[in-house]
Amino acid sequence: MEYTTNYLKMSRVELLERVQMQMGERRFKHVLGVEEMAIALAGRYEADIEAASIAALTHDYAKERDRDEMQELIRKEGFDLDLLNYGSEIWHGPVGAFLVQKELGVQDDLILDAIRKHTVGASEMTLLDKIIYVADFIEPNRDFPGVAEAREIAIRNLDEAVAFETKHTLHYLIEKNTKIYPQTIATYNTWVAKS
Ligand code: GDP
Ligand code: FE
Ligand code: FE
Ligand code: FE
């Protein structure tokens, strides 16, 4: 795929190289799987294919950054400081959006928001937010009980796929007695809980 819009000042091949430099082989393979799934969902739900590709390729850009570096950025760059009270696994979304803007020059807020929200979701999610959130969960390399059902739901109804994934994630976090970030609960209340 050749990029034809102005979201990026580099080609897709150059973006792939920049992303690959940030992570190990296994995670890079995951990222390519998320792109494949995000493009398929963008086709299915008539979203911007190129934005889906870029958001997917960059969604885990900060995932393997040093924990101390992320903590420093959260302190100094005006992030929600409450992030620091929860597991560092949730930091790479917001920090990733910041670094993708700063280091790769992506300025599009729809793309940056999708990166920002991809781990915990949000009460308000755009079509692209939902596509990245769901594609991350069901990409071809993922294998866990329930992934086949999640894939079926994703083809049928994207909002239901968001709900299914959110419930699954919360279930998993509760099972492990993990601290739950308030935005994760907000996502649950909006997309899963009955009004
Ligand atoms: P990945 O980056 O492709 O591995 O996937 P995600 O970005 O979606 O998730 C990263 C990790 O964050 C997963 O292990 C989730 O279970 C975890 N996570 C999601 N929500 C929360 C939360 O509210 N609190 C904590 N502590 N972890 C969470
Ligand atoms: Fe992630
Ligand atoms: Fe996810
Ligand atoms: Fe991911």
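Visitor: What separates Arg116 and Asp113 in helix α6?

Guide: In this predicted model, local features need pLDDT of at least 70 and side-chain atom pairs 80 or more, while totals for chains, interfaces and linings use all residues. Residues are numbered from 1 along each chain, chains are lettered from A and ligands numbered from 1 as written, and side-chain values use heavy atoms, without hydrogens or water. Arg116 and Asp113 form a salt bridge with closest N and O atoms 2.5 Å apart (Lys or Arg side-chain nitrogen within 4 Å of an Asp or Glu carboxyl oxygen). Because they are three residues apart in helix α6 (residues 109–117) (helices are DSSP runs, H or I, of at least four residues), their separation is about one helical turn.

Visitor: Is Asp129, the partner of Lys117 in a salt bridge, buried or exposed?

Guide: The side chains of Lys117 and Asp129 meet at 2.7 Å, N to O, and this pair links helix α6 with helix α7, 12 residues apart. Lys117 has a relative accessible area of 16% and is therefore buried (under 20%; exposed is over 50%, partly exposed in between, with a 1.4 Å probe and protein chains only). At 2% relative accessibility, Asp129 likewise counts as buried.

Visitor: Which protein donors does the iron ion (ligand 2) have?

Guide: Donors are N, O and S atoms within 2.8 Å of the metal (3.2 Å for Na, K and Ca), and sites may look incomplete because water is not among the atoms. Along the chain, the donors of this iron ion follow the spacing D-x31-H-x25-H. Lying 2.0 to 2.2 Å from the iron ion, they are Asp60 (OD), His92 (NE2) and His118 (NE2).

Visitor: How many residues apart in sequence are the parts tied together by Asp60 and His92?

Guide: Both Asp60 and His92 are buried. Asp60 lies in the loop between α3 (49–58) and α4 (67–76), whereas His92 belongs to helix α5 (residues 92–104), so the separation in sequence is 32 residues.

Note on methods
Helix = DSSP H or I, 4+ residues; strand = E, 2+ residues; numbered from the N terminus.
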